Amino acid sequence: MKRFPKTSHLMARGAAFLGSEHAILCGAMSWVSERNLVSAISNAGGFGVIACGAMTPELLDKEIAATKALTTKPFGVNLITMHPDLFELIAVCGRHGVGHVALAGGIPPKGSVEALKDAGAKVIVFAPTLALAKKLLRGGADALVIEGMEAGGHIGPVSTSVLAQEFLPALADEHLVFVAGGIGRGEAIAGYLEMGAAGVQLGTRFACATESIAHPAFKKAFFRAGARDAVASVQIDPRLPVIPVRALKNKGGELFNAKQREVANTLDEGGVEMLEAQLQIEHYWAGALRRAVIDGDVEHGSLMAGQSVGMVTKEEPVAAIIAELMAESEAALSRR
Ligand SMILES: Cc1cc2nc3c(=O)[nH]c(=O)nc-3n(C[C@H](O)[C@H](O)[C@H](O)COP(=O)(O)O)c2cc1C
């Protein structure tokens, strides 16, 4: 007998696809989504995803093995499409029999979806437009995540509520669509499930769970922050398109603007090509996030966080967060 019958009914397709009890993914968060948080999410009935980020194939190999030692439940791996060793990372996932791989950060390069399928993994993709989503699903992707600009980390320009209205009526009958960005409570989960979502993906709400290795100072900054503190970065130079990042306001945001000016100046002087300039910006983020998450430098590091950060008020075990989300969703569906 399911404890949350209405929610579980609406999540059934998503849960069957993921192999988890609930169709709640904890989105990959670089430095945060490692063995401890990922296994805790999967052990609690959700679906944890390892953030590969800039890891080498050797490091990813170790992280997957360590996660397997902590859970027998399914979990996934998130790979960044622009990683120079993408195909080696895919091979590592294949050797470990990872069931689900998410390809994030851009359009999957030629052959990557096929390589994952050959390795026996189900492929989860992100798409900012309906046309691209349809193309990726036709090309073999098994599921789609739509992520609105309320989310923490790298973001697009459109809100979750608008993406949900654009994508769900068009795709949800035939495809698995998970909704991400700005979800802090179960009532919102209920709403997206009723619109046809197969499940949801949350990041910010899980970042400060008891099992998260994030530094206590990082967690404290989240507990103090409200929605309006989680702001999107601005682009300084029109020639240097940077993907906006949503993070808590701090000195690190100003440092990012200075970094953009520095890279733009080097571009002016012809000291660097455009692609290299963009890579420098991305590396800056990875380093800055590490400083905040691992070292606890909340002044100069990057405190990536979504607008739902105001609903993160205390450290709680993952199981308690998932139970609360499910109970809120169930209560909302029962009122209708
Ligand atoms: C600290 C942090 C780091 C993140 N890093 C990544 C990442 O490495 N790869 C990725 O695909 N998404 C990343 N995200 C996005 C999450 O996977 C997730 O989709 C997002 O947090 C969902 O929105 P929410 O924050 O409103 O819950 C990150 C988010 C946060 C808060």
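**Exercise 1.** Sort the shell around the ligand by residue class.

*Solution.* Start with the classes: Ala, Val, Leu, Ile, Met, Phe, Trp, Tyr, Cys and Pro count as nonpolar, Asp, Glu, Lys and Arg as charged, and the others, Gly among them, as polar. The shell then has six nonpolar, ten polar and one charged residues. This is a predicted model, in which local features need pLDDT of at least 70, side-chain atom pairs count only at pLDDT 80 or more, and totals for chains, interfaces and linings use all residues. Residues are numbered from 1 along each chain as its sequence is written, and side-chain values use heavy atoms, with hydrogens and water left out.

**Exercise 2.** Find the distances from the side chains of Ser 30, Asn 78 and Glu 147 to ligand oxygen atoms.

*Solution.* Take polar contacts, that is, pairs of N or O atoms within 3.5 Å.
- Ser 30: a polar side-chain atom lies 2.6 Å from a ligand oxygen.
- Asn 78: the distance from a polar side-chain atom to a ligand oxygen is 3.1 Å.
- Glu 147: a side-chain N or O atom is 2.3 Å from an oxygen of the ligand.

**Exercise 3.** Is His 83 buried or exposed, and where does it lie?

*Solution.* First locate His 83: it is in the loop between β3 (76–80) and α4 (86–96). Next apply the cut-offs: buried means under 20% relative accessible area, exposed over 50%, partly exposed in between (1.4 Å probe, protein chains only). His 83 has 10% relative accessibility, so it counts as buried. Last, a polar atom of the His 83 side chain lies 2.8 Å from the backbone oxygen of Met 55.

Key. Polar contact = N/O pair within 3.5 Å; in protein donor to acceptor, adjacent residues only side chain to side chain. Helix = DSSP H or I, 4+ residues; strand = E, 2+ residues; numbered from the N terminus.
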